[in-house]
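Subject: Structure handover

Hi,

Here is the structure for you to look over. My notes follow below it.

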Amino acid sequence: METLAKSIGKTTRFFDPIETASREAITKVKLERLKWTVKHAYENNPFYRRTMKQHGITPSNIKTLSDITKLPFTRKRHLRENYPYGMISVPLEEIVELHASSGTTGKPTVVAYTRGDLENWGSLMARTMNMQGVSSRDIVYVALGYHWFTGGLGFHYGGLRLGATVVPAGTGYTRRNITMIRDLGATVIAAVPNYMIRLAEVAGEMGVDLKRDMEVHTALLGAETWTEEMRSRIESIWGIDAYDVYGMSELYGPGAAGECHVHDGLHVWEDHYLVEIVDPKTGEPLEPEERGVLVVTPLTHKAMPLLRYWTNDIAFLYDSTSCDCGRSMQRIGRITGRADDMLVINGVNVFPSSIETVLLKEEGVSPNYRVIVYRESGLDKLRLEAEADENVPKEKYKALERLVQNRLKEVLLMNPRVEVLEPGSIDRVDGGKVKRIIDLRK
Ligand code: DLL
């Protein structure tokens, strides 16, 4: 994995030859590794051995890639039930790093890495970042959490592997971050999309001009749902390219998939991850281009193999595996939400991302918003609260409310209440994920 293929300009430079391998070669690697993973889980993990026995399956039943559907799904609750070390499939002394989710909705989920796992993760992140135009000449400013969260260390390891200069900034201290991004001449920022907007707001307050005073050319963004409209906004405020990076702690962290410069879907690193899209209700496989739950089987995880992990993220698989960037790895559409984020409002399915798309089409409204759903006289009602941009005078708020309301009406097939608020009125977690949905019907 380590060899940097010949450099022939940004768009055709590959970190690993497998990125452009033939479909036959990719399928061969996937099948070999799938067999290894199932055997490893069966032989070294009591939870998987028990589950597979209950389903009457042994590793020898996995002969083709489609045999994977014989295996049951692994869900987050299985990780919680086996807290803290029950999913680990190597002796504890082989574990060199542990992370855990914050555990706000139950016990935390612990994820573990052997030294080999960390090397794979670093290589996959290097591959992703290289695809997104990062090189050894860059100064990568990592404005993501470094503690339990995998975001900070994921970009850190990837940057180191590329030979870039990595700044482990973390989140918080936003004014200091602006000063350091400027003074160090950082060229790449890794962050949560919303934090790029926050940084821009604070830079404005400090009189720092993002285009004149900064060297940043690229932002590597992920960890929460974001839209094309959010990308356009970030790109135009900063004058940079913004790339989508997908991952989750259970899949090492960031770096399971990412966008190339074509910005049309995210390439999945198929030699390390086998992905399926299934119906959220029945679990049956869906066709390409059909939206459903992303289910992932990591193919090289040693410390914590997972079989058919139900990510709960909603995406679709592209029909074609050819891309203008030259990579032959399959693509998924950007994540549009989590299966449990989907709101059913008077029988209509609505994702927060479709609300964001409408909202950000309007000049003057910021991406700081939240949606409150409640019930009145037996009917579902929706209130959208969104902050105005800094430069919008208060007299304009009412007109903005009407504009957004009219547009939302068409998407939601109902009449929402819209409130435009002063900048800074909605609580946010600095650099963290924002709670966009408040469902008072539950
Ligand atoms: O968020 C890892 C990560 C860090 C990915 C930085 C990308 C960049 P978790 O905290 O375990 O890990 O959260 C994983 O975040 O199941 C998705 O719901 C969401 N998510 C991650 N990347 C994206 C993305 C990290 N690019 C959960 N688009 C996942 C939309 C994303 N949602």
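How much area do domain 1 and domain 2 bury between them, and what share of it is on carbon and sulfur atoms? The figure is about 1700 Å², with 49% on carbon and sulfur. Keep in mind that this is a predicted model.

**Domains**

On the domain 1 side, 22 residues make contact; on the domain 2 side, 20 do. Three residues of domain 1 lose the most area to domain 2: Asn194, Glu229 and Arg233. Together they account for 33% of what that side buries.

**Across the interface**

Domain 1 and domain 2 share one salt bridge. Arginine 233 and aspartate 389 meet in a salt bridge through their side chains, at 3.9 Å from N to O. As a general point, side chains of opposite charge can pair when their charged atoms come close. Seven residue pairs are in polar contact between the two domains, counting those with both residues at pLDDT 80 or more.

Which helices supply at least two residues each to the side of domain 1 that touches domain 2? They are H7 (193–205) and H9 (228–238). H7 gives the largest share, six residues. By class, this side of domain 1 has nine nonpolar, seven polar and six charged residues.

The salt-bridge count comes to 32. Why does the pair of aspartate 389 and arginine 233 tie together parts that are 156 residues apart in sequence? Arginine 233 lies in helix H9, while aspartate 389 lies in the loop between strand S18 (379–388) and helix H11 (397–412), so the pair links those two parts.

**Ligand**

There are 19 residues around the ligand. Those that come nearest are Ala223, Asp244, Val245, Ser249 and Asp313.

- Serine 249: a polar side-chain atom lies 2.6 Å from an oxygen atom of the ligand.
- Arginine 338: an N or O atom in the side chain is 3.0 Å from an oxygen atom of the ligand.
- Glutamate 224: a backbone N or O atom lies 3.4 Å from a nitrogen atom of the ligand.

**Backbone**

Two spots deserve a look. Most residues other than glycine have a negative phi, and most peptide bonds are trans. Tyrosine 83 and proline 84 are joined by a cis peptide bond, with omega about -5°. Proline 84 is in the loop between helix H3 (76–81) and strand S1 (95–100). Tyrosine 252 is not a glycine, yet its phi is positive, about 75°. Tyrosine 252 sits in the loop between strand S7 (241–248) and strand S8 (253–259).

Best wishes

Definitions and conventions
Residues numbered from 1 in each chain as written. Predicted model: local features only at pLDDT ≥ 70, side-chain atom pairs only at ≥ 80, totals over all residues. Heavy atoms only, no water. Contact = heavy atoms within 4.5 Å. Buried area = accessible area lost by both parts, 1.4 Å probe. Salt bridge = Lys/Arg side-chain N within 4 Å of Asp/Glu carboxyl O. Polar contact = N/O pair within 3.5 Å; in protein donor to acceptor, adjacent residues only side chain to side chain. Helix = DSSP H or I, 4+ residues; strand = E, 2+ residues; numbered from the N terminus. Nonpolar A, V, L, I, M, F, W, Y, C, P; charged D, E, K, R; others polar. Near = heavy atom within 4 Å.
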